[in-house]
Amino acid sequence: MTPKKNNIALFFKQLPKNIFSGFVVSLIALPLGLGLAMASDAPAIAGVITAIVGGVIVSILGGSHVTITGPGNGLVGVTLVAITALGLEGAFAAIICSGVLIMLLGFLRMGNLADFFPSSAIQGMLAAIGLIILGKQFHIMFGHKITRDNTIDYLVEIPFTINDALHYENTGLIYAAIAGLISLAIMIFYPKLRNKYWHLIPAPMWIVVLSIGFSYYFELALHQDNPIAKEYMIPAIPTFAEITTQLPKISFAKIGSLAFWGSVLSLTLIASIESLLSIKAVDKLDPERRRSNVNRDLKALGLATIGSGFVGGLNVVTVIARSSVNVNNGGSNRSSNFSHAFFLVIFIVVFSSQLTRIPLPALMAILVYTGYKLASPDLIKKIFSVGKEQLIIFFVTLLITLKFGLILGITAGVITTIIIHFIINKNVTLFLRHWIKPNVLMFKEDDDKSNYYVSVKHFCTFANFYRLKQKLNAISTDNDVIVDFSMCDFVDHTVMENLNNYQSAFTKSGGHFDIVGLDMHDADSKHPFALRKIVAVPTLFGYNLTKRQENLETIAKDYNLIYSADKNKNTVFLDPFLFFKTKQPNYIYNELEDVNANFKLFDIEFSEGEFIAKEVVRTSMLHIDLNETIPVFSLDRETIMDKVYAIAGFTDINFDDHQDFSKRFHLVGENIVDIKAFFTNELIHFFECNPYYHIESNGSSLLIFSKQRLASTKEIKALLDFGKRLKVVIPKTH
Amino acid sequence: MTNKNFKTIGIGVAFSPNLKANLYEAARLSLFFESKLVLIHVGEKSDEKEQQILEIIKPFIQDNLNYDLVFKTGNPVDVILSVSEEKKVDLLILGALQKENFVQYYLGTIARKITRQANCSILLLIKPSVERIPCKHIVVNGLDNPKTKQAITTAYYMSHKLQSKKITIVEEITKQEVAVSVDDDKSLRKSDIIKARLKMREDSRVHQIISEIPEDYKAQIITKTQSIFGKRGYSIGHYAQFVRADLLVMNAPSKTSFWDRLFPHDIEYILSELPTDVLIIQ
């Protein structure tokens, strides 16, 4: 173990980066917090209070590393029900009680709670939550506030609202609808515009900035009132002094009623499931591959929820989109969560009166987009590709959640899954007889390789996956693991999906994770989940080549390269590069490779971030295997952004005798002495008189690319040429 | 008890399709161990039955099998137990039933009751066969228990007599022993250290036992120790099934009460799901 003093030094070294990323996150957290609270029928400021209390308490007491906490989108539906049934004062009491329960879950070590639900049922529940958010806010986005009893009615009336909006005569409403639509467009097109300056501010903050600017334009330049109808503006936000001095009234009057405890249970269930799923997903993004202590995090979230309830906030949960933004901006420990809360306090102190200039439709557009992302057609397509039966589970959960609420919805999802398992196996006793049996055996093989061998018996589904998970969690991810299902009659989709996550976690930390013994099931054809998970490799370009691909084929001929258009999921060689620490390569395709496999040019699809902050990027890259050791570094054009980053602790390596190079290029790396030795005069002159490329070394190979989009054939030729010439000037170490 | 060998072997005789195979296995073992075979039939004595049984074991009688045929009426469990005690049987052989899917074996209710109540060692056969199937690999538990020494010694004795080639001594390490729940990287490291320490401790304890076993038993037998992580009593069966062992040797449980059957552990797991032939050492 590293000595403690080192940790403190490291903490302070990383602090500027964390403060910076906390600042970026707070830019998203502010509009989201306001919007989520408004959508739950709570005062707008409640969402920001939640984020502040959560950020402070969880960052100090929590057990995860790069997560951000605050108001969650999953809770909008339940909070809304709680406020409608109990009133605001009663709802605060319910929130406090749910905080106690969440804390209790943490103390009872129930951090694996989310594992007991089939993944398709959870997907269905999240999609239902998405539709609840989308259904209700869509109308407000169009300046057409309506109140209905049933969530399905909101969805059904969407076409009528659009129709109404086309025939508005009140200019206030027209402006409101336009504000909503423009905001929605910003949310949709934000990831598609890959521009550094545009991406300096997160999409939700653009909406805030533009709408406040718009309001000032009318006030200061045109000397008119804001043209958007008054009732579609954010209602007055209390000043910081008012928030701290006037605590909300909390009423425990309804504590004896069924509705109260129903709300408490739903809040607890959704808050803990959303947090646990988010923590799991964020751990996958953590560049340092640390594991979160979920039980400790649950305790902290519970305590934060209690605190938040007392000062007029909502449930504190771990949120995926904000956390992924945190990771992408260099957040590396919990101080970024704290600083996000700190910046929110500053925003409220300084700008609280400005926030009333934001039109509601603009804010709700953010939520509509969030809701759409939770229930997007892509998700349904993905579930369908896993299996038709998963779609049944998904839709049963979705519809029952919409119609009867979350608790019944998730229960129905679990029951449907169990029944489907019975039907598929045509066997009930398999499950009943073996459910309580400790069906997982783990041992370390005694031969020289010392693999961990995990053998699973009988069946392995969501109902008993926790046993397997317990064993797998006890293995550190740099080991070799073999999971054997040959004694197992049935493996379900939830398990396969989770094992897939383990597989990538092990691969990323240099271990191996193999699943064996499913081939027999193949022949059985009794195991559609397992089957489809393993076999499904869609042939995207199998049928015919595009024009670009034909050109690539010609280039391959001209340069004596081997061309392959197929999707290749083997992207392990990219993992050691700094660039891919926070990005997930999905696959590479259109590969051009030389005979020795040292030179490889390819198109790649990778994704960064999660959920609404998720961006899928396709670009072309050149990978050169040097077969020798060089220092690890990353070189790029120096921009104003880098100067901003430099303040936040990303240091640039400069050369005193190469002023031009130092000014124009941004060079980073751990081992400064080696890097300075590696960059010889010849190499620096080469960079100075050639076009800019982003160049990265992982210690033995180089990764070269320019734009974050696919390269044209001409650019590909240039890239190939650049790579070849670069390889010549690279100093030989021996 | 220092039974280095089994002096008297008992078997319940029921006229089932498995009769011949069961009797062949029992008689063969008696010859191997040079012990007396007590054949117990629950029911009226008749010449016809006696003739039928003797006809089956005739080849063994020619090889000087020392046997005793007992007929007694009454409750099968009580009869077999009382006769075993009377005749000083120290190894009782019971046949298991095979399930419809031909993969799993389980014990009938009578065999189960006998197993729980018997004061002698029990051998549960899952696949008795007329032809001798050589026993190649024996798995034995290495629990930290006073009876373990006996079990391991017997395992060596058995493999010596049956000319089996390999013995694996399994040390089961339970979650309770590790006593650190893995939450994050720090607790994971801690649990890894504890596990390594436990493994070393178990290994040295088992090696101590092995060193006390007579050399001629150990000759030509490959000994392996293996620590496994799982539920005590259940996972060893899982392991035996996984390595396709021919015989699993286990300690008899200290006591079984009503609660043990309700919340199965140790031996009860094995009885519900026989992985291979099981020898329970009393």
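This section describes the domains, helix packing, sheet and chain contact of a predicted model.

The domain assignment divides chain A into domain 1 (4-389), domain 2 (390-429), domain 3 (433-535) and domain 4 (547-729). For chain B, the assignment gives domain 1 (1-132) and domain 2 (134-249). The C-alpha centres of these two domains of chain B are 29 Å apart.

Two packed helices are described by the angle between their axes and the distance between the axes. In chain A, helix α7 (residues 171-189) and helix α8 (residues 203-221) cross at roughly 150°, and their axes come within 9 Å. The crossing of α7(A) past α8(A) is right-handed. From α7(A), the residues A:Ala179, A:Ser183, A:Ile186 and A:Met187 take part. They meet A:Ala203, A:Trp206, A:Ile207 and A:Ser211 in α8(A). By class, this contact of α7(A) with α8(A) comprises 6 nonpolar and 2 polar residues and no charged ones.

The second pair in chain A is formed by helix α15 (residues 377-386) and helix α16 (residues 388-404). Their axes come within 5 Å and cross at roughly 135°. At that angle, α15(A) is oblique to α16(A). The α15(A) side of the contact consists of A:Ile383, A:Phe384 and A:Val386. The α16(A) side consists of A:Gln390, A:Leu391 and A:Phe394. Of the residues in the contact of α15(A) with α16(A), 5 are nonpolar, 1 is polar and none is charged.

In chain B, helix α1 (residues 19-33) packs with helix α2 (residues 47-62) at an angle of about 20°. Their axes are 10 Å apart. Angles under 35 degrees count as roughly parallel, so α1(B) is roughly parallel to α2(B). The crossing of α1(B) past α2(B) is right-handed. Helix α1(B) contributes B:Lys20, B:Leu23, B:Ala27 and B:Leu31 to the contact. Helix α2(B) contributes B:Ile56, B:Ile57 and B:Phe60. The contact of α1(B) with α2(B) holds 6 nonpolar residues, no polar residue and 1 charged residue.

Chain A also contains an open sheet of 8 strands. The strand order is β7-β8-β9-β10-β14-β13-β11-β12, and the pairing is antiparallel. Strands β7 (562-564) and β12 (665-668) of chain A stand at the edges. Each has a single partner strand, so one side of each is left without a neighbour in the sheet. From one strand to the next, the twist averages 25°.

Within this part of chain A, strand β8 (residues 583-593) runs antiparallel to strand β9 (residues 599-608), and 8 bridges join them. A:Ile588 is placed opposite A:Ile604 in β9(A). The two strands, β8(A) and β9(A), form a hairpin with 5 residues between them. In the turn, A:Ala597 has a positive phi of about 60°. On to the next pairing: β9(A) is joined by 10 bridges to strand β10 (residues 615-625) of chain A, again antiparallel. A:Glu608 faces A:Glu615 in β10(A) across this pairing. A:Ser607 has A:Val616 in β10(A) as its bridge partner. Helix α28 (residues 713-729) of chain A packs on the sheet. The helix touches β9, β10 and β14 (701-705) of chain A, and its direction makes about 40° with that of β10(A).

The contact between the two chains takes 21 residues from chain B and 22 residues from chain A. On the chain B side, α7 (185-211), β10 (222-229) and α9 (235-242) each supply at least two residues. The residues of chain B that touch chain A divide into 7 nonpolar, 8 polar and 6 charged. Strand pairing also links the chains. Strand β3 (residues 440-444) of chain A pairs with β10(B) in the antiparallel sense over 2 bridges. A:Met442 stands opposite B:Phe229 in β10(B).

Definitions and conventions:
Residues are numbered from 1 along each chain as its sequence is written. Chains are lettered from A and ligands numbered from 1 in the order in which they are written. This is a predicted model: local features need pLDDT of at least 70, side-chain atom pairs count only at pLDDT 80 or more; totals for chains, interfaces and linings use all residues. Axes are lines fitted to C-alpha atoms, for helices over the stretch in contact, and angles run from 0 to 180 degrees between N-to-C directions. Helices (H or I, at least four residues) and strands (E, at least two) are DSSP runs, numbered from the N terminus. Angles under 35 degrees count as roughly parallel, over 145 as roughly antiparallel, 65 to 115 as roughly perpendicular and the rest as oblique. A crossing is left-handed if the near helix is turned anticlockwise from the far one by less than a right angle, and right-handed if clockwise. Two residues are in contact if their C-beta atoms, placed from the backbone, lie within 7 Å. Ala, Val, Leu, Ile, Met, Phe, Trp, Tyr, Cys and Pro count as nonpolar, Asp, Glu, Lys and Arg as charged, and the others, Gly among them, as polar. Two strands pair if DSSP finds at least two bridges between them. Domain bounds come from an automatic or database domain assignment.
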